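Here are my notes on the chain, point by point. Please read them with the coordinates open.

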Amino acid sequence: MWASNRVRGEGGKTKLVGDVDYEAAREIAGAITPVPGGVGAMTIVCLMHNTLIAACAQNGLPFPKL
């Protein structure tokens, strides 16, 4: 169900949209809300934060003080 897609927008610029196949997910999800425009800044920040914490945990490093 995960999919990141680059789509061509206005002026030929591309943008990253979609982090889930909404139509397929809505059939099985208890609750789902579409996000116009795709992945937002807070989603990206949370994913990066979790990735950093996971990398520290896997390598026996102290968690960063953010």
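1. Start with the cysteines. Cys 46 counts as partly exposed because its relative accessibility is 40%. Cys 56 has 8% relative accessibility, so Cys 56 counts as buried. The cut-offs: buried is under 20% relative accessible area, exposed is over 50%, partly exposed lies in between (1.4 Å probe, protein chains only).

2. This is a predicted model: local features need pLDDT of at least 70, side-chain atom pairs count only at pLDDT 80 or more, and totals for chains, interfaces and linings use all residues. Residues are numbered from 1 along each chain as its sequence is written, and side-chain values use heavy atoms, with hydrogens and water left out.

3. How many disulfides are there by the distance rule? The count is zero. The rule asks for a pair of cysteine sulfur atoms within 2.5 Å.

4. The chain has two strands and two helices. Their order from the N terminus is β-β-α-α. Both kinds are DSSP runs, numbered from the N terminus: helices are H or I with at least four residues, strands are E with at least two.

5. Helix H2 covers residues 41-58, 18 residues in total. The expected span is 1.5 Å times one less than the number of residues. Just after H2, Gly 60 has a positive phi of about 65°.

6. Of the chain's 66 residues, 6% count as buried. The accessible surface is about 5700 Å², with 60% belonging to carbon and sulfur atoms. Areas come from the Shrake-Rupley method with a 1.4 Å probe; for residues, only the protein chains shown count as cover.

7. Take contacts (heavy atoms within 4.5 Å). Among those between residues at least 6 apart in sequence, 5% join residues at least 24 apart.
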